[in-house]
Amino acid sequence: MNNNSGYIKSLDGLRAIAIILVMSFHAEITHFGWLGVQLFFVLSGFLITGILWKEKQNTESTLSFKFKKFWVRRSLRIFPLYFGYLLFITFTYLLFHFPSYYSEYASYLFTYTFNYTRSLPGWQGNPLFTHLWSLSVEEQFYLFFPLIIFLCPQRFIKTLMVAVIFVSPVTRFLLGEYYTAKGMTEPVVADIVYWNTLSHLDAFFMGGLIPVLSLDKKIKKPQRIFTGALVIAIIAGIINFANTDSGKYFFNDLGYNSGQTHLYQHVWHYTVLNFLFASFILALISYNSNKIFASIRKLLETNWMVNVGKVSYGMYLFHWAILEYVCKRIFTTDNLALKVIVFIPYVITVYLVASLSFRVYESRFLKLKDTLFTKKKTKKANIQVAQPPASELPFLKPASNE
């Protein structure tokens, strides 16, 4: 729950779960590990909307200062590592011409529009940069959403967010129908829909409605909402698994495999999952949660989970390249049990690399976030430095794909 500083420690633990899920998916241990990206989206919606909503109420700052403060702080968190990583790939390409098709996608990567390349003819993916599509989605959200929050009336914002949540499944359906009519295969259509920013607005807004409507204070029994969402997700997954040829083992699949449009999975998958994750976050941070969620918070607040969560952004950037070009060069197996065993040192390796990056490189830019926007007040001979608002403290610093 919130403490006086505004930092919600358990959300770092939630980031840890999200990144480990994604890593398990790329390591081919789970079919459902991609859910980690969806969790990142909902969590980002909750965090970013909370920050923007609180800033909107701040009458002491000018409108231009609010925009500057948000976008500069976001840039200091995201850009140094992202563009540093892209420069590394660029130098690799210039020296070794690897990957050979990198030049076709470089402009999209550097402009955060890579998520729209999936529909290009002859598209080719690569573990160095394919997963960066999700960062494009997040950055586009960071670009346009402050305009809505700061420029529109509160009632309009609330109505818009609710409306978009209901319209998003229709948007995904229409996108799927459009690209299917163009003769594209099922996996390609599923990816195009998945990579489209419009497909995930309901993820951001479901998380964002929690602070906008103060649901953590108003809803008396949030665990009931989560229980209902969990039951819906499980039943939908079982039905989908039973009617889709997606895997041999249910617990490796849960009915949430990726790259499929059969049974309109590209339409309802995200709605069900967004509701599930948003309700979990609500129960986790709510003032009215029961003892079960108190125990879950303690688990998520353990040191190792918090530490992983704090560097999850770096882990997300580095993990696939380390898997393909380091771990698989040392040890390759098709045996699931052996993959699980190898997965442990793999996670540790990625964590160590991300931690080194965070301490040596990223932290230098993160220090500027508070330095640039700390207000100084002078009274007589005493100089008092105002503390940054609660939403500016570690609550935001270890952002997943923020």
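At what angle do the axes of helix α3 (residues 63-96) and helix α4 (residues 102-110) cross, and within what distance do they come? I put this first in my notebook. I am working on a predicted model.

**Entry 1: α3 and α4**

I looked up the two axes. They cross at roughly 165° and come within 11 Å. Angles over 145 degrees count as roughly antiparallel, so I log α3 and α4 as roughly antiparallel to each other. I also checked the hand: the crossing is left-handed. Next I listed the contact. From α3 I have Tyr82, Phe83, Leu86, Leu87, Ile89, Thr90 and Tyr93. From α4 I have Tyr102, Ser103, Leu109 and Phe110. I sorted this contact by class and got nine nonpolar residues, two polar and no charged.

**Entry 2: α2 and α5**

I moved on to helix α2 (residues 35-56) and helix α5 (residues 133-151). Their axes lie 11 Å apart, and the packing angle is about 25°. I therefore note α2 and α5 as roughly parallel to each other. α2 passes α5 in a right-handed crossing. I read off the residues in contact. On α2 they include Phe40, Phe41, Ile48, Leu52 and Trp53. On α5 they include Trp133, Val137, Phe141, Tyr142 and Phe145. Glu55 and Lys56 of α2 are also in the contact, as is Glu138 of α5. My class count for α2 with α5 is 14 nonpolar, three polar and three charged residues.

**Entry 3: burial along α12**

Which residues of helix α12 (residues 291-300) are buried? I found Phe293, Arg297 and Leu300. They share one side of α12, because they cover an arc of only 65° around the axis. I recalled the general rule: an α-helix has 3.6 residues a turn, so residues three or four places apart point the same way. On the other side of α12, I found Lys291, Ile292 and Lys298 exposed. Then I asked what covers the buried residues. The cover includes α1 (9-26), α10 (222-242), α11 (265-285) and α13 (303-310).

**Entry 4: α11 against α12**

α11 and α12 have axes 9 Å apart and an angle of about 95°. That makes α11 roughly perpendicular to α12. The contact uses Phe280, Ala283 and Leu284 of α11. α12 brings Phe293, Ile296, Arg297 and Leu300. I noted that Phe293, Arg297 and Leu300 were already on my buried list. By class, I count six nonpolar residues, no polar and one charged in the contact of α11 with α12.

Notes: Residues are numbered from 1 along each chain as its sequence is written. This is a predicted model: local features need pLDDT of at least 70, side-chain atom pairs count only at pLDDT 80 or more; totals for chains, interfaces and linings use all residues. Side-chain values use heavy atoms; hydrogens and water are left out. Buried means under 20% relative accessible area, exposed over 50%, partly exposed in between (1.4 Å probe, protein chains only). Helices (H or I, at least four residues) and strands (E, at least two) are DSSP runs, numbered from the N terminus. The arc is that of the directions from the helix axis to the C-beta atoms. Contact means heavy atoms within 4.5 Å. Axes are lines fitted to C-alpha atoms, for helices over the stretch in contact, and angles run from 0 to 180 degrees between N-to-C directions. Angles under 35 degrees count as roughly parallel, over 145 as roughly antiparallel, 65 to 115 as roughly perpendicular and the rest as oblique. A crossing is left-handed if the near helix is turned anticlockwise from the far one by less than a right angle, and right-handed if clockwise. Ala, Val, Leu, Ile, Met, Phe, Trp, Tyr, Cys and Pro count as nonpolar, Asp, Glu, Lys and Arg as charged, and the others, Gly among them, as polar.
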